[in-house]
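Please examine the structure below. The questions that follow concern the packing of secondary structure and the contact between chains.

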Amino acid sequence: MWLTRPLQERSTQLFLGILFFALIVVTVLHLALPEGNPLHVSAYTVTLLGKYLCYALLAVAVDLVWGYLGILSLGHGAFFALGGYAMGMYLMRQIGDRGTYGDPILPDFMVFLNWQELPWYWYGFDMAWFAFAMVLLAPGALALVFGWLAFRSRVTGVYLSIITQALTFALMLAFFRNEMGFGGNNGLTDFRDILGFNLRTDATRLGLFIATGIALAIGYVVCRGIVTSKLGRVSVACRDAEARTRFLGYRVERVQLFVFVVSAMLAGVAGALYVPQVGIINPSEFSPIFSIEIVVWVALGGRATLYGAVIGAILVNYAKTVFTGVMPDAWLFALGALFVLVTVFLPQGIAGLLRKRRKSTDDGSGPSESSSTSEATA
Amino acid sequence: MSIMTELAARDRVFNFLTPTDSPVDVRHGPILYLEDVNVSFDGFRAINNLNLTIDDGELRCIIGPNGAGKTTMMDIITGKTAPDTGSVWFGSRHNLLTMSEPDIASLGIGRKFQKPTVFEALTVFENLELAMAADKRVFPTLTAQMKPKHRERIEEVLETINLQDLRDRPAGILSHGQKQWLEIGMLLMQKPRLLLVDEPVAGMTEQEMERTAELLTSLAGKQSVVVVEHDMGFVRSIARKVTVLHQGSVLAEGSMDQVSNDPEVIKVYLGEEA
């Protein structure tokens with residue numbers, strides 16, 4: 001089975017081991033130690049870490065299309081935000097009559113805009129199963145339509161990147177409009193419960209953090225399952241020699257479409273888990289800068305490795321948290337400098353550095369080792 | 001192909017009435033049939049009333065000076081370029097002009113490019129695995145399992161193309177000649193009915209060339225092979241029938257001796273070398 005194959009791989013076992021170990025350590029340090037203890041992990045930190053894990057899942061999704069399929073998407077923020085909005089709509093409906101205006105059905109911003117009834121596209125979002133399905137289906141449907149049009153016309157390379165960027169920009173402008181019915185530039189906020197649990201309690205925050213960790217684990221295994229299958233090798237083939245792949249009888253545009261849709265859905269899940277943890281979703285998540293930032297995480301971590309994307313997302317966002325605390329104005333310069341330095345000196349990213357190290361330590365172990373390293377470079 | 005052209009040309013049954021997944025029909029002899037094909041790029045006529053017939057199991061060499069339209073002809077057959085006019089049939093049942101590149105490939109036309117194109121990041125073994133005849137739709141590919149008979153088949157081809165020792169190395173490290181061999185190996189994995197081979201011996205040593213000649217001759221009979229080549233020595237060593245292209249149409253056709261004694265051919269092509 002393609003999904004269970006990664007579980008037998010050492011690299012995936014190692015990744016999952018580290019991830020679950022980290023989840024357990026954070027949980028224990030949060031619950032078992034009293035608040036005064038220097039090793040105590042505060043609820044604030046738990047939520048911050050949960051946010052990093054959402055970004056890590058998003059980065060894995062981008063690495064799947066960029067690293068293995070060669071499609072540099074500069075619009076993955078759009079899928080992330082759509083998943084986030086689907087979750088946000090569910091959380092809005094959960095508020096019920098506890099809003100400022102006390103309307104049992106209409107969210108506050110609609111009452112404020114004098115709307116009389118719920119727009120049709122808000123129907124069903126009071127039900128968790130429907131909203132959670134939409135978390136996957138809304139980004140998936142957008143990716144399907146967009147990808148079908150783009151790949152069928154054989155749009156590739158820089159042109160495709162620019163179109164994806166335009167896509168997310170257009171969505172940002174649309175979501176800024178109050179008439180769209182998604183809360184305009186304020187977005188959706190003031191959430192109360194998720195599945196009946198109060199979002200403001202520490203226990204719920206910890207639960208969301210653990211759920212995000214599990215989502216990252218599943219997302220990683222799904223991506224790893226795809227890239228180690230024959231389809232994964234076909235997508236590398238599409239990346240490196242598209243015409244050749246076509247003459248072997250593969251429908252390149254369908255391979256691209258499948259991988260792109262899977263990636264968009266994963267990005268949607270990341271967005272959906274992000275929203276309850278940060279407590280707000282607004283159109284700034286659609287901003288082109290954010291989508292470019294994701295690409296920087298992946299480039300920094302190392303393309304076409306998946307675990308590199310996770311490392312990159314966590315490191316860059318940790319640096320961002322620290323930097324914006326110390327000197328907020330310098331962050332964008334630091335990010336730009338980081339990107340330039342990595343492209344020039346570490347074209348393979350941090351993962352490349354790790355691999356070089358491993359290679360030099362087991363040098364001379366003969367040709368049997370070369371097969372695993374050559375697989376890693378693929 | 002639009003329905004209007006079909007209505008206008010009523011010399012056969014409507015294309016959409018003929019099943020596309022039916023086997024190739026070669027009862028009438030030819031496996032490939034090009035008639036009155038014309039292509040021009042920005043006014044330049046790359047292919048000019050080209051007529052060409054390849055019989056089932058034949059090994060045919062196509063020669064011609066640069067710009068004679070050899071590669072364009074291959075592009076038309078494999079569905080990469082659509083001709084302005086003319087018809088191209090595979091067997092007597094499949095109109096290639098209505099089909100996409102992957103459809104044509106799965107029908108059994110394999111192609112080796114002029115510049116060797118292999119998947120450099122994948123290993124030699126994986127290159128052959130991807131080329132293997134199989135269900136190439138997305139989901140079957142995702143769930144595909146390597147079976148012992150597949151492995152055997154790949155091993156067999158690895159031996160034929162003499163790359164057993166490099167099976168687990170990325171194809172990017174191969175020499176030019178080895179890449180040519182790997183690409184021929186990938187063609188063999190596809191089990192095609194018709195192989196289109198564009199300049200197979202460029203960059204090969206004398207011995208490698210001999211082995212390639214042996215390989216291509218051994219294929220003929222079971223499969224039909226069309227070889228485009230510049231190397232006259234190589235063509236002479238394998239050719240039974242040679243077609244000379246010049247300015248997008250057939251200038252001469254026949255055995256190597258006939259062709260090389262043809263005054264027209266000597267004038268446009270061989271004359272320069274002799």
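Q: Which strands of chain B does helix α8 (residues 206–219) of chain B lie across, and at about what angle does the helix run to β8(B)?
A: The model is predicted: local features need pLDDT of at least 70 and side-chain atom pairs pLDDT 80 or more, while totals for chains, interfaces and linings use all residues. Residues are numbered from 1 along each chain as its sequence is written, with chains lettered from A and ligands numbered from 1 in the order written. Helices (H or I, at least four residues) and strands (E, at least two) are DSSP runs, numbered from the N terminus; contact requires C-beta atoms, placed from the backbone, within 7 Å, and angles run from 0 to 180 degrees between N-to-C directions of axes fitted to C-alpha atoms, for helices over the stretch in contact. Helix α8(B) lies across β3, β7 and β8 of chain B, at about 145 degrees to β8(B).

Q: Which strands stand at the edges of the open sheet of chain B?
A: Six strands form this mixed sheet in the order β6-β7-β8-β3-β9-β10, where pairing requires at least two DSSP bridges. Two of the strands have a single partner each, so one side of each lacks a neighbour in the sheet; these are β6 (109–112) and β10 (249–254) of chain B.

Q: Which residue is the bridge partner of V197(B) in β8(B)?
A: Strands β7 (residues 194–198) and β8 (residues 224–228) of chain B run parallel and are joined by five bridges. The partner of V197(B) is V227(B).

Q: Which element gives the largest share of the side of chain A that touches chain B?
A: The contact takes 26 residues from each of chains A and B. Seven residues on the chain A side come from α8(A).

Definitions and conventions:
Two residues are in contact if their C-beta atoms, placed from the backbone, lie within 7 Å.
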